[in-house]
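The structure is shown first, and the description follows.

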Amino acid sequence: MSYIVTARKWRPQIFDDVVGQENITTTLKNSIAQNKIAHAYILTGTRGIGKTTTARIFAKAINCSNIENGNPCNKCRECVEINENKSLNVFEIDGASNNSVNDIREIKESVRYAPSSGKYKIYIIDEVHMLSISAFNALLKTLEEPPTHLVFIFATTEIHKIPATILSRCQRFDFRKNTIDEIVSRLEFISKAENIPIEKDALYLIAKKSDGSMRDSQVIFDQMIAISNGNITSEIVKKSLGIIELDFFFQLTDCIINKDIKSALTQLNTAIISGYNINILSQGLVEHFRNLLITSTIHSTELVETTNEYKEKYLELIKKFSENDIVRYLKIATEIDNSLKFSSLPRFRFELGIAQLIKMETSISIESILQKIEDIKKNSDLISSNIETQEKIFNIESDKKKESNNISDFLIKELKAVEIEK
Ligand SMILES: [Zn+2]
């Protein structure tokens, strides 16, 4: 038996299995339940998050003769034919390779005829933004006066390229990226069902690498199955995907705190010798300071995508920096990352950047400046009150002196007078 890739084998067949797009799938299920089918839908969002999958499920549900809670049954003739790509009523068209006005004319010709069975003829046009302007114009005419049996489901990663005249005639659904947790739990489910041992941290790393795309995560998952010898460990994933451990960045921040350039450059050297690319290290550094800033700003790690162990570390680390300094570190890290693109000596540029971070003078918060001013004021009050006291003492003493001088003058006069009398 040939091996079926995970993304295909585990492609959701009903709305309830589509992960992370509940708002959209619920609306579509409701429209099926209420039999309110529009003539055109447009599904948009980044790649690999379930647009085409949802379009197929919706196409099945529209013509399914045995709807179950808004989901297609996957057993009736229509459902089975669509699943086997044999349906005469559902057409999947790749907009990238069928983008000419002639391609659209063919579609227009075909839509004139009612479906051979079922209620609707459904055209799923993937990557619809690739159509030429004249193709869009031809499409627009059909959208303006669609036959009652026609449904278009467009999918695109680039909604801004779709003419407004087309958009205004479509029901629009914006798909969101999958979260790390959603991807981890889906991969965990698949690995258990497939009896593939995989470490939780390894799942996590795969999810992170796939950047919110469920399909990408499953492609990476397949690669890891091929590379590993039965057991997928986080070590295997890190090595094969070139994922740098967060520990590296935490150690680097320790060097910043301790102003230890030597140790920072030694660590960097070790990472480079181990085969890590400067660009990946640089991007990791930007993300690290971003995580630090987010944690510091909202006093929580809920927006930081990492394991619980590292979340704890971020919560500890923010105690050692002011928010202002984290902003400045992030700014420098971003500048380093941008400048790498134009540098012929990326390693030297990155080393210079690390030195810049370590040499940066930490800022003093306004609160602490105000406190210092307050302290100085208190001290000066004390000094001035001391001066006043000393002045008083001096005055008293000089008064006493005057007095004693007067007395002595008086005595001298008296003595002189006595002597004269003698
Ligand atoms: Zn069915």
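## A bridge pair in the sheet

Ala 40 has Phe 152 of β4 as its bridge partner. This pair belongs to the parallel pairing of strand β1 (residues 40–44) with β4, which extends over five bridges. The model is a predicted one.

## The sheet as a whole

Five strands form an open sheet in the order β2-β3-β4-β1-β5, and their pairing is parallel. The edges are taken by β2 (90–94) and β5 (171–174); each has a single partner strand, so one side of each lacks a neighbour in the sheet. From one strand to the next, the twist averages 15°.

Strands of a sheet are joined through backbone hydrogen bonds, in either a parallel or an antiparallel arrangement. Here β2 pairs with strand β3 (residues 121–126) in the parallel sense over five bridges, and Phe 91 stands opposite Tyr 123 in β3. β3 in turn pairs with β4, again in the parallel sense and over five bridges, with Ile 122 opposite Val 151 in β4.

## The enclosed strand β4

In strand β4 (residues 150–156), seven of the seven residues are buried, so the strand is largely enclosed by the rest of the structure. In a regular strand, side chains alternate between the two faces of the sheet. Both faces of β4 are covered: Leu 150, Phe 152, Phe 154 and Thr 156 are buried on one side, and Val 151, Ile 153 and Ala 155 are buried on the other.

Helix α2 (residues 22–33) contains 12 residues and reaches 16 Å from its first C-alpha to its last, close to the 16 Å expected at 1.5 Å a residue. Its buried residues are Ile 24, Thr 25, Leu 28, Lys 29 and Ile 32. Viewed down the axis of α2, these residues fall within an arc of 130°, so they line one face of the helix. An α-helix has 3.6 residues a turn, so residues three or four places apart point the same way.

The buried residues of α2 pack against α3 and β5. On the other side of the helix, Glu 22, Asn 23, Asn 30 and Ala 33 are exposed. Just after α2, Asn 35 adopts a positive phi of about 55°.

## Thr 53 in helix α3

Thr 53 lies in helix α3 (residues 51–63). Thr 53 counts as buried because 22 other C-beta atoms lie within 10 Å. Leaving aside residues up to four places away in sequence, Thr 53 touches Arg 11, Pro 12 and Val 18. The C-alpha atoms of Thr 53 and Ile 14 are separated by 9.2 Å, although the two residues are 39 residues apart along the chain.

## Two loop residues with positive phi

Asn 85 is not a glycine, yet its phi is positive, at about 60°. Asn 85 is placed in the loop between α4 (77–83) and β2. With 9 other C-beta atoms within 10 Å, Asn 85 is exposed.

Glu 127, also not a glycine, has a positive phi of about 50°. This residue is found in the loop between β3 and α6. Glu 127 is buried, with 20 other C-beta atoms within 10 Å.

Key. Residues are numbered from 1 along each chain as its sequence is written. This is a predicted model: local features need pLDDT of at least 70, side-chain atom pairs count only at pLDDT 80 or more; totals for chains, interfaces and linings use all residues. Two strands pair if DSSP finds at least two bridges between them. Helices (H or I, at least four residues) and strands (E, at least two) are DSSP runs, numbered from the N terminus. Axes are lines fitted to C-alpha atoms, for helices over the stretch in contact, and angles run from 0 to 180 degrees between N-to-C directions. A residue is buried if 20 or more other C-beta atoms lie within 10 Å of its own, exposed if 12 or fewer, and partly exposed in between; C-beta atoms are placed from the backbone. Two residues are in contact if their C-beta atoms, placed from the backbone, lie within 7 Å. The expected span of a helix is 1.5 Å times one less than its number of residues. The arc is that of the directions from the helix axis to the C-beta atoms.
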